[in-house]
Amino acid sequence: MVQKYQSPVRVYKHPFELVMAAYERRFPTCHLIPMFVASDVVEEETSEDGSTNRVERRCALDVDAPRLLKRIAGVDYVYFIQKNTLDRKERTLHIESHNETFSNRVIISETCCYSAHPENDDWTCFEQNASLDIKSFFGFESTVEKIAMKQYASSIKKGKEIIEFYLKELEDEGITHVPRWTPPLLPVSLPKQTSLLSSSTALPKQAAVPAVSIPLATDAMDITFQDVQQDSGTLQADSLSEILPGSSEDKLDADYIKRYLGDLTPLQESCLIRLRKWLQETHKGKIPKDQHILRFLRARDFNMDKAREILCQSLTWRKQHQVDYLLETWSSPQVLQDYYTGGWHHHDRDGRPLYVLRLGQMDTKGLVRALGEESLLRHVLSINEEGLRRCEENTKVFGRPISCWTCLVDLEGLNMRHLWRPGVKALLRIIEVVEANYPETLGRLLILRAPRVFPVLWTLVSPFIDENTRKKFLIYAGNDYQGPGGLVDYIDKEIIPDFLAGECMCEVPEGGLVPKSMYRTAEELDNEGVRLWTETIYQSASVFKGAPHELLIEIIDASSVITWDFDMCKGDVVFNIFHSKRTPQPPRKDPLAPHGIASPVGNNVQLIDKSWTLGQDYSMVESSLTCREGESVQGSHITRWPGFYILQWKFHNMPACSATNLPRVDDVLATLQVSSHKCKVMFYTEVLGSEDFRLVTECL
């Protein structure tokens, strides 16, 4: 398994030349890194004008590993090759390093770059990424990997600390400025190449290396790696095969992370950066804010695969139901304004927004009968969206990261009436939606004046609440909240609501019974629910192996524009666009899908007759596009001819197996499961006529 690490952009508020002077003091050895025994210059080359310098070093490391493991490996030191390319003209230093010892079984590689800050010439940026791949170690791969990862994790921050130490040393010596490189007036004759230059510390002799290997980390090489589970020392799996490139103008700065996202370990920073880059690639720039990405990572203990899965599902949900526009489009009905006993109320001692809910005074049955589940759900979602907005505001106001809120729930008045079955059902559904799409937004839940009936409600609700969320609950019975360890430990005395014997007037409605005259029939509520929650410009479709989903668009005028926007909810598909002058058959739904299983009604349509021949009856007008699970795809096509255009989403078949391309175990299992032949697509298409298109081009 390949472990990867990528750092944010770290900034030294010193000129590039001064940072380079500090960097050179790390060699041939560094007392700040005890394991860095020595280094020798193997080869050095300087350009004629002196602008470029290339140095290759062989570095020896005395790794802190169990003696027994060293004896098994048969070596005392681990050797690395480091190649540095200093470009004084461009003000960059590129560093590449890899392990020489055990390279037949272990591959450790790292690339680093120092460069002048793009917006401030007097500052220097540093970026770093690395990978660790253990091929084999006679059954001890997991043990060796944990030892290596532990060493890497402990050395992540040392690189910057060492540079800062030598910068301070230079300052103490009176060196605060190093002039920039300038082209020489006359040709300069410099030695082209030097081999095995001597250094003040000789490399220890390397013992004969047997055909076994062990990966060992080195602070000297600045190699750090990803996917160590915090506090437990166990590794997390990461199936991302490569670090996807992002735009150079949109990189995360370490200072920005600390200011707006909080104190993250370097490994957590790497998770955030890599997931963010993956979203940039697959969602075409339409990515959530960094704080929101971080919430999903925290919800899954920074497991990349799990966080990516639930985040993609949530993004699809938000897009399908236009949740990003909820605060602008949703207006609470008057009955909610009068009888929903919840509202925002200042903030807690940590600066988190404080939401007060007087659940005991709420007529849950009356609200459900008057509004239905969908209106209540949408109202709760608007509360969560407002909470996200308030967190951003408080981050700016208090000057520190605030990513969650505190909820105060007063249960005075709670009784068996609140256990009305449809009301509990609505509550459970709301919890399910909020848990899936707003993870790690609840910082603390204060439950006050819990009555005797509360354990019954808690037994019903608690199984649907995430374990990490349940740990944030603080429950007080009677007036216990007024004593030591009570409410004043979390909320300033000045803003405790008046109904809790506090001094602050709280504008949360007092509630009461909803008049029965406002109740609606079940049929009215069903119709209202469909209109409120399923009204979306997007459609969903299932794609089966052998049964693609096709969409017909009739074009009257040439030079029209067809646009599409779709998300891959599950599985991989191939997207095609065809043109035909023939009228396709009426939309057909296969009564039996492959393997004799009925296709879902209404979400799988086939238009191209099986008797049609590609190139005669219809033609392909765009190259096929393979779309992977989790991707968001947007595009357009300018039509050349009138007629019928067919957009097709077809199941993406796995490549044929061969002796050199054997399937993984999970692929073999998938072929045995009918459900694996199903993909799901959520799409939206639009057509602009030729007049509309001309108008658009004129505006552009």
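Me: Is Cys113 buried or exposed?
Reply: In this predicted model, Cys113 counts as buried, with a relative accessibility of 19%. The cut-off for that label is under 20%.

Me: And how many disulfides does the structure hold?
Reply: The number is zero.

Me: What about Cys312, buried or exposed?
Reply: Cys312 is buried, at 11% relative accessibility. In helix α8 the buried residues include Cys312, Leu311, Leu315, Trp317 and Arg318.

Me: Stay with α8, then. How does its length compare with what 1.5 Å a residue should give?
Reply: The two agree: the 17 residues of α8 should span 24 Å, and the end C-alpha atoms are 24 Å apart.

Me: What happens at the start of α8?
Reply: There, Asn303 directs a side-chain oxygen towards the backbone nitrogen of Asp305, reaching to within 3.2 Å.

Me: And just after α8?
Reply: Gln322 follows the helix with a positive phi of about 55 degrees.

Me: Which residue does Arg318 meet in a salt bridge?
Reply: The partner is Glu385, at 2.9 Å from N to O. This pair links distant parts of the chain, since Arg318 lies in helix α8 (residues 304-320) and Glu385 in helix α12 (residues 373-398), 67 residues apart. Arg318 is buried at 8% relative accessible area, and Glu385 is buried at 9%.

Me: How many salt bridges are there in the count?
Reply: The count comes to 29 salt bridges. One of them joins the side chains of Glu24 and Arg57, with an N to O distance of 3.4 Å. Glu24 belongs to helix α1 (residues 16-24) and Arg57 to strand β4 (residues 52-61), so this bridge ties together parts that are 33 residues apart in sequence.

Me: Where do Glu24 and Arg57 fall on the accessibility scale?
Reply: Glu24 is partly exposed, with a relative accessible area of 41%, whereas Arg57 is buried, with 7%.

Me: Which residue pairs with Asp363?
Reply: Asp363 meets Arg417 in a salt bridge of 3.6 Å, N to O. Both sit in loops: Asp363 between β11 (353-357) and α11 (364-371), and Arg417 between β12 (405-410) and α13 (421-437), with 54 residues separating the pair. Asp363 counts as buried at 4% relative accessibility, while Arg417 counts as partly exposed at 33%.

Me: Which residues are linked in a network of salt bridges?
Reply: Asp348, Asp350, Arg352 and Arg444 are linked in such a network.

Me: Changing topic to aromatics: how many pairs?
Reply: The count comes to 18 aromatic pairs. Phe27 and Phe36 have ring centres 6.3 Å apart and planes at 85 degrees, so they are edge-to-face; the angle for that class is over 60 degrees. Phe27 is buried at 13% relative accessible area, and Phe36 is buried at 4%.

Me: How are Phe566 and Phe575 arranged?
Reply: Their pair is tilted, with 5.0 Å centre to centre and 50 degrees between the planes. Phe566 is buried at 0% relative accessibility, and Phe575 is buried at 3%.

Me: Which residues do ring pairs link into a cluster?
Reply: The cluster consists of Tyr12, Tyr23, Phe27, Phe36, Tyr114 and Phe126.

Me: And charges over rings: where does the charged end of Arg259 sit?
Reply: The charged end of Arg259 sits over the ring of Tyr260, 4.5 Å from the ring centre. Arg308 lies over the face of Trp278, at 5.0 Å from the centre of that ring.

How values were computed:
Residues numbered from 1 in each chain as written. Predicted model: local features only at pLDDT ≥ 70, side-chain atom pairs only at ≥ 80, totals over all residues. Heavy atoms only, no water. Salt bridge = Lys/Arg side-chain N within 4 Å of Asp/Glu carboxyl O. Helix = DSSP H or I, 4+ residues; strand = E, 2+ residues; numbered from the N terminus. Buried < 20%, exposed > 50% of the residue type's maximum accessible area, 1.4 Å probe, protein only. Disulfide = S-S within 2.5 Å. Phe/Tyr/Trp six-rings, centres within 6.5 Å; stacked < 30°, edge-to-face > 60°. Lys NZ or Arg CZ within 6 Å of the ring centre and 35° of its normal. Expected span 1.5 Å × (residues − 1). Polar contact = N/O pair within 3.5 Å; in protein donor to acceptor, adjacent residues only side chain to side chain.
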